[in-house]
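The sequence and structure come first.

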Amino acid sequence: MPGDYQVAAYYFGNYHVDARNAKQHGPGWTEWELVKRAEARWAGQFQPRVPVWGYGDEADPKEMGRKIDAAADHAIDAFIFDWYWYNDGAFLERSLDEGFLGATNNHRLKFGLMWANHDWMDIHPAKSRQAQQLLYPGAVTSQTWDTIIKRCVEKYFAHPSYWAIEGKPYFSIYDLRKFIDSAGTVDEARRWLDRFRERAEAAGLPGLHLNAIFFDGRRAATRVGLSANALCQRLGFDSVGSYVWVHHFPPAFPTTDYAEVRAKMGAEWHDLSTEFTMVTHPNVTQGWDSSPRTTQSDIYVEQGYPWIGVYRDNTPGEFRQSLSDVRSFLGA
């Protein structure tokens with residue numbers, strides 16, 4: 001029945017000016033530059049994609065306010081921001097801190113955080129047959145983890161629009177391998193998460209809802225000799241989720257039909273719900289095309305992300321069917 005579930009949309013905020021990007025790419029750079037320069041690399045590819053609302057600044061509260069209204073008006077309950085914090089501090093936070101939190105209508109939508117603790121590579125754009133440069137390592141120190149905890153508890157979790165599940169603030173971790181690497185061992189990683197819960201409770205919160213993004217879970221688990229479910233149990237996660245379909249079913253090169261992947265994901269949702277003993281959050285993806293993140297003058301050949309295949313024919317009708325599929329899966 002309507003109301004028995006909530007819908008949250010991931011929000012990747014690289015469409016505003018950030019000091020790190022300005023240092024790397026030049027003053028005023030945003031990822032809109034890649035969107036603007038994208039070309040069709042083969043006949044029938046849907047590029048370039050021109051935004052109907054224009055190349056807006058998401059750090060502008062009015063621009064973000066328009067997105068909030070559009071989301072709230074169309075049954076979205078929350079934005080989950082891709083949230084970056086490295087050993088040397090924040091990255092891409094202005095879309096949230098200035099845009100969303102500065103919007104006068106942010107009471108209409110909840111917001112949550114997914115700590116995007118992956119290595120940040122120089123792929124804006126990536127050059128063909130050239131090793132990618134590591135700009136910001138995803139692994140952090142214990143001191144940085146304490147800074148993250150303090151920032152989240154004091155700045156975000158206390159906000160009236162912060163998304164909570166059963167009253168507990170939602171916090172997701174993208175890369176389990178990097179998280180375990182940061183802590184050193186699985187047991188120490190569990191102590192880090194316990195420390196987070198304790199700080200939240202000390203601030204008067206009823207605890208945390210900790211979510212693990214699944215795509216890296218099996219690889220992280222294999223490395224420490226556990227099943228993915230056993231690893232998430234041992235770390236104390238409340239739920240597992242998915243970020244994007246390409247993590248489950250990478251497209252064949254150069255294209256795979258969206259409907260084909262949609263059919264596979266229906267079975268994947270069921271498999272995940274039986275594999276894990278904690279709550280699993282099914283994910284619906286609108287499409288996939290990372291080709292704008294490649295140098296447009298280079299020949300487009302398969303050579304690893306972002307030089308990978310594309311989901312084709314991801315029409316509004318197909319996306320609508322995906323949403324219907326997941327409602328049926330949830331019994332809603």
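## Second largest cavity

The second largest cavity holds about 50 Å³ of space. The model in which it was found is a predicted one. Its lining is made up of Tyr11, Gly13, Phe81, Asp82, Trp83, Tyr84, Phe91, Leu92, Glu93, Ser95 and Leu96.

Two elements, β2 (78-86) and α4 (94-100), each give two or more residues to this lining. Strand β2 has the largest share, with 4 residues. By residue class, the lining of the second largest cavity consists of 7 nonpolar, 2 polar and 2 charged residues.

## Largest cavity

The largest cavity contains about 100 Å³ of space. Its lining comprises 14 residues, and those nearest the centre are Ser242, Leu272, Thr280, His281 and Pro282.

At least two lining residues come from each of β10 (239-241), α10 (258-275) and β12 (279-281). Helix α10 provides the largest share, 3 residues. The lining of the largest cavity has 8 nonpolar and 6 polar residues, and no charged ones. In the second largest cavity, by contrast, 2 charged residues belong to the lining.

## Second largest pocket

Gln24, His25, Asp122, His124, Pro125, Ala126, Lys127, Gln130, Ala131, Gln132 and Gln133 form its lining.

These lining residues fall into 3 nonpolar, 6 polar and 2 charged.

## Packing of α6 and α7

Packing between two helices is described by the angle and the distance between their axes. For helix α6 (residues 176-183) and helix α7 (residues 186-202), the angle is about 95° and the axes lie 8 Å apart. Angles of 65 to 115 degrees count as roughly perpendicular, so α6 and α7 are roughly perpendicular to each other.

On the α6 side, the contact is made by Phe179, Ile180, Ser182 and Ala183. Helix α7 contributes Val186, Glu188, Ala189, Trp192 and Leu193. The residues in this contact divide into 7 nonpolar, 1 polar and 1 charged. Ser182 of α6 is the polar residue, and Glu188 of α7 is the charged one.

Key:
Residues numbered from 1 in each chain as written. Predicted model: local features only at pLDDT ≥ 70, side-chain atom pairs only at ≥ 80, totals over all residues. Heavy atoms only, no water. 1 Å grid on protein atoms, 1.4 Å probe; cavity = no way out; pocket = protein on both sides within 12 Å on 5 of 7 lines; lining within 4 Å. Points joined across faces, edges and corners; volume = space filled by probe spheres on them. Axes fitted to C-alpha atoms, helices over the stretch in contact; angles between N-to-C directions. Parallel < 35°, antiparallel > 145°, perpendicular 65-115°, else oblique. Contact = heavy atoms within 4.5 Å.
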